[in-house]
Amino acid sequence: MAACLRQLPGSGFSSGEIEEAVKNARLLTVEIELSRGCSSRGPYTDLPERSVTESELTEGEIRDLIVQAGDLGVRKIIILGGEPASRSHFVETVRFIRSKHIEVEMFTDGSGITPDLATRLLGERVGVVVKMDSLNESVQNVLTAGKGPSSPFKEALRHLKRAGYPSEEAVLAVSAIICRQNVDDLASLWRWLRDQHVIPCFATATPPVIAECDDWPGVDPRRLQELFTEIASIDTELYGETWDPQPPLLGSACVRHKFSCLVRWQGDVVPCLGLDIPIGNVREQSLHDIIRDSEVLQDLRDHRHTIKGPCRFCEKADNCYGCRGMAYQSTGDYLSSDPSCWKNAKRQGEIIRLPFAAEELIPQKSPMRVVDALISIGERSGEVSVTVSDDTPFVEEDGDVGEVTYFEMMAQSMAAVHGFKQLGSTETSSEGYLVGAQKLEILGTARVGDTLKISVYKEARFGKLGIVKGIVSRDGTVLARGEVKIWHDPMESRQYPRGSGG
């Protein structure tokens, strides 16, 4: 389910608790994807129809992860799928989490909720969130590949309510994705859930893949504003709940990356399902080291200094940064402004998008500039493109690219990554120099007219000296790879600790 649905209204943390988590690189919640299979696929999910067990985290690995989460200060674990109840050790996992005095919440498509499981979940005080997108059966069928609201969604709700949900210790909620197909049905669904004493948890849809945005069933920002305003009025007039409408969550705000992350089924850690940049893998590193060293999380935790464009200057910017997943999937930049927010409807031209011209990011000018455009960014990494021209430095008489040019391409590519991130910074620009190069392997030949991709990854930093690994390729074939050492004077006023890899 590619959306931010993890912060239920009423279950947030105080600003002081969040600030403490930011200051000490700790977590308050963590989401764990127990399984990959999903029985209710629709246009907003990237999950397969059948369960995928190969490479899923084992029961032992999940228990170790839970212990690590507790050590980081986690107070709630959200269990996701696919359908989490499909894992054979699901109940045992819940009991293990509760034995560590950590709250549990689960998201379910309803297919695994039996009367017996509902009773067990209530006994362990598990908050349950059932996925359901419309009371209109034809709409629900479209959004869940033919599985209408009567099965298994409403059946799961019946089992849970008969077991005693909701209770003072165990909330019952329904999550819905806001998309074109159901936008006209959501006000009635909201009222129905409120009347059932079930918490509605509605969020805007986030595209699962940037390349699929053209077909994504998103809602026009102005229609979103109408919906949010309508439901806010319903809540105030009928149910005594007052809140300020703002995307991406109805009735709540999302700053979850300051205190949370998601561990996917195979161990990859990402900020959330929408912002699916891998920042590490728990099979290779401890969760503590991943959180401490992630530049992506550091940027998000310091969003007031790093967000680019109109979102940075919004009057709500202290407590809102839009949907980071929508920003990333729509623009390629996790620090760009959210193009789906109605406040940005007339400011689309101010929203920065990738690819981005390198000449605006690095000091080198033609002909000494040997890269053309930044095309993607990730965790301490980026990809840059260039079409080799006649005036490219160090091109030999026969048109072949000289060896030294590959090193310069790597160095300028990393400079472009740094320059792009600083577009959203309130700090002064930093300086950087290529001070060394080594381990160059030439595996092919680039020539004038070739379009190349340079992939760079900042492997380590020692003070102001960084070690960057680079790969130069053409149409997927690696032509050269090597290592460059760059002296870089970084911004020093961040409000969080940096690890050795930061």
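Visitor: Are Trp 190 and Trp 243 buried or exposed?

Guide: Both Trp 190 and Trp 243 are buried. Buried means under 20% relative accessible area, exposed over 50%, and partly exposed in between (1.4 Å probe, protein chains only). Keep in mind that this is a predicted model: local features need pLDDT of at least 70, side-chain atom pairs count only at pLDDT 80 or more, and totals for chains, interfaces and linings use all residues. Residues are numbered from 1 along each chain as its sequence is written, and side-chain values use heavy atoms, without hydrogens or water.

Visitor: How many aromatic pairs are there?

Guide: An aromatic pair is described by the distance of the ring centres and the angle of the planes. Rings of Phe, Tyr and Trp (its six-membered ring) pair if their centres lie within 6.5 Å; planes under 30 degrees apart are stacked, over 60 edge-to-face, the rest tilted. By this rule there are 5 aromatic pairs. Take Trp 190 and Phe 202: their planes stand at 85 degrees and their ring centres are 5.1 Å apart, so the pair is edge-to-face.

Visitor: Which parts does the pair of Trp 190 and Phe 202 tie together?

Guide: Trp 190 is in helix H7 (residues 186–195) and Phe 202 is in strand E6 (residues 199–204), so the pair ties together parts 12 residues apart in sequence. Helices (H or I, at least four residues) and strands (E, at least two) are DSSP runs, numbered from the N terminus. Trp 190 has a relative accessible area of 1%. Phe 202 is buried too, at 1% relative accessibility.

Visitor: What is the pair of Trp 190 and Trp 243 like?

Guide: That pair is tilted, with 6.2 Å from centre to centre and 45 degrees between the planes. Trp 190 lies in helix H7 and Trp 243 in the loop between helix H8 (221–239) and strand E7 (262–263), so parts 53 residues apart in sequence are tied together. Ring pairs make a cluster of Trp 190, Phe 202 and Trp 243.

Visitor: How many salt bridges does the whole structure hold?

Guide: The search finds 31. A salt bridge is a side-chain nitrogen of Lys or Arg within 4 Å of a carboxyl oxygen of Asp or Glu. One of them joins Arg 75 to Glu 17, at 2.7 Å from N to O. Arg 75 sits in the loop between helix H2 (59–71) and strand E2 (76–80), and Glu 17 in helix H1 (residues 15–23), so this pair ties together parts 58 residues apart in sequence. Arg 75 is partly exposed at 38% relative accessible area. Glu 17 is partly exposed at 28%.

Visitor: Which residue does Arg 447 meet in a salt bridge?

Guide: Arg 447 meets Asp 400, at 2.5 Å from N to O. Arg 447 is in the loop between strand E13 (432–442) and strand E14 (451–462), and Asp 400 is in the loop between strand E12 (381–387) and helix H13 (403–422), so parts 47 residues apart in sequence are tied together. Arg 447 is partly exposed, at 38% relative accessibility, whereas Asp 400 is buried, at 17%.

Visitor: Where do Arg 481 and Glu 441 lie?

Guide: The side chains of Arg 481 and Glu 441 form a salt bridge of 3.1 Å, N to O. Arg 481 lies in strand E16 (residues 477–488) and Glu 441 in strand E13, 40 residues apart, so the pair links distant parts of the chain. Arg 481 is partly exposed at 34%, and Glu 441 is partly exposed at 37%. Elsewhere, salt bridges that share partners join Glu 295, Asp 299, Lys 421 and Lys 458 into one network.
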